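Thank you all for making time this morning.

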Amino acid sequence: MSGVCMIPITVIKTRYESGVYEYRGITSALRAIYKTEGVKGLCCGLVPTLFRDAPFSGLYLLFYSQTKQALPQEWWNTQLAAPLHFSCGILAGLMASAVTQPADVIKTKMQLYPEKYNNVLAVMSHIQRKYGMQGYFRGLVPRMLRRTLMAAMAWTVYEQMMRNMGIK
């Protein structure tokens with residue numbers, strides 16, 4: 001649901017950051033997109049966004065849980081607990097980001113060039129023709145850094161709070 005509700009903001013963010021469009025601000029971007037493209041312009045890239053975000057969360061949790069279980073249980077009751085949670089979060093974020101990167105590339109292309117790519121297959125065909133499989137992983141490192149660090153920090157804080165409150 002959050003992906004559906006946030007898609008207009010995601011479109012504006014993607015276009016604003018790209019430098020392809022010269023909006024004066026968020027409100028002017030919203031007006032310009034709605035005026036030239038209608039509601040469709042504010043929702044472009046929704047399908048790949050959902051194929052990126054929903055799996056990312058599930059995969060992140062899966063990878064996080066599995067890396068935690070792979071470590072000796074006695075380590076979790078030591079001073080190493082917080083760095084271990086953070087490390088498990090980093091690893092989980094790296095893996096989940098890598099798996100969901102193709103959907104992110106497709107989403108970005110659809111949001112930046114809606115007149116050129118009006119569906120997922122058009123974008124995929126272009127990426128495959130122009131870049132091959134490597135094209136689906138363009139921008140992976142910056143995305144990994146941003147998504148991974150945010151998620152790892154959030155899970156580390158969560159785990160420490162649960163531990164301090166005696167819930168875990």
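Before I point at anything, let me say what I mean by a helix here: a helix is a DSSP run of H or I that is at least four residues long, and the helices are numbered from the N terminus. Please also keep in mind throughout that what you see is a predicted model.

With that definition in hand, the protein chain has 6 helices and 0 strands, and the pattern read along its sequence is accordingly written α-α-α-α-α-α. Taken along the principal axes, the C-alpha atoms fill a box of roughly 60 × 35 × 25 Å, and of the 168 residues in the chain, 39% are buried. If we consider contacts between residues at least 6 apart in sequence, 71% of them join residues at least 24 apart.

Let me turn to how the helices pack. Two packed helices are described by the angle between their axes and by the distance between those axes. Helix 1, which covers residues 2-18, and helix 3, which covers residues 46-70, have axes that come within 10 Å and cross at roughly 125°. That angle makes helix 1 oblique to helix 3, and the crossing of the two is right-handed. On the side of helix 1 the contact is made by Gly3, Val4 and Ile7, and on the side of helix 3 by Leu46, Thr49 and Leu50; by class, this gives 4 nonpolar residues, 2 polar ones and no charged ones.

Helix 3 also packs against helix 6, at an angle of about 55° and with the axes 12 Å apart, and these two helices are therefore oblique to each other. Their crossing is right-handed. The contact involves, among others, Arg52, Asp53, Phe56 and Tyr60 of helix 3, together with Arg143, Arg147, Ala151 and Trp155 of helix 6, and its residues divide into 7 nonpolar, no polar and 6 charged.

Which residues, then, form the largest nonpolar core? That core has 11 residues, namely Phe56, Tyr60, Phe63, Tyr64, Trp76, Leu84, Cys88, Ala92, Ala96, Ala151 and Ala152. Helix 3, helix 4, which spans 81-112, and helix 6, which spans 140-164, are the elements that give two or more residues to this core. Cys88, if we set aside residues up to four places away in sequence, touches Tyr64, Thr67, Lys68, Leu71 and Trp76. Apart from this core lies another one, of 8 residues, including Val11, Tyr23, Ala29 and Ile33.

Leaving aside neighbours within four places in sequence, Val105 is in contact with Ile127, Gly135, Tyr136, Phe137 and Arg138. The C-alpha atoms of Val105 and Leu140, which are 35 residues apart along the chain, are separated by 9.0 Å.

Note on methods: Residues numbered from 1 in each chain as written. Predicted model: local features only at pLDDT ≥ 70, side-chain atom pairs only at ≥ 80, totals over all residues. Heavy atoms only, no water. Axes fitted to C-alpha atoms, helices over the stretch in contact; angles between N-to-C directions. Parallel < 35°, antiparallel > 145°, perpendicular 65-115°, else oblique. Left-handed = near helix turned anticlockwise from the far one by under 90°. Contact = heavy atoms within 4.5 Å. Nonpolar A, V, L, I, M, F, W, Y, C, P; charged D, E, K, R; others polar. Core = buried A, V, L, I, M, F, W, Y, C linked by side-chain atoms within 4.5 Å. Buried < 20%, exposed > 50% of the residue type's maximum accessible area, 1.4 Å probe, protein only.
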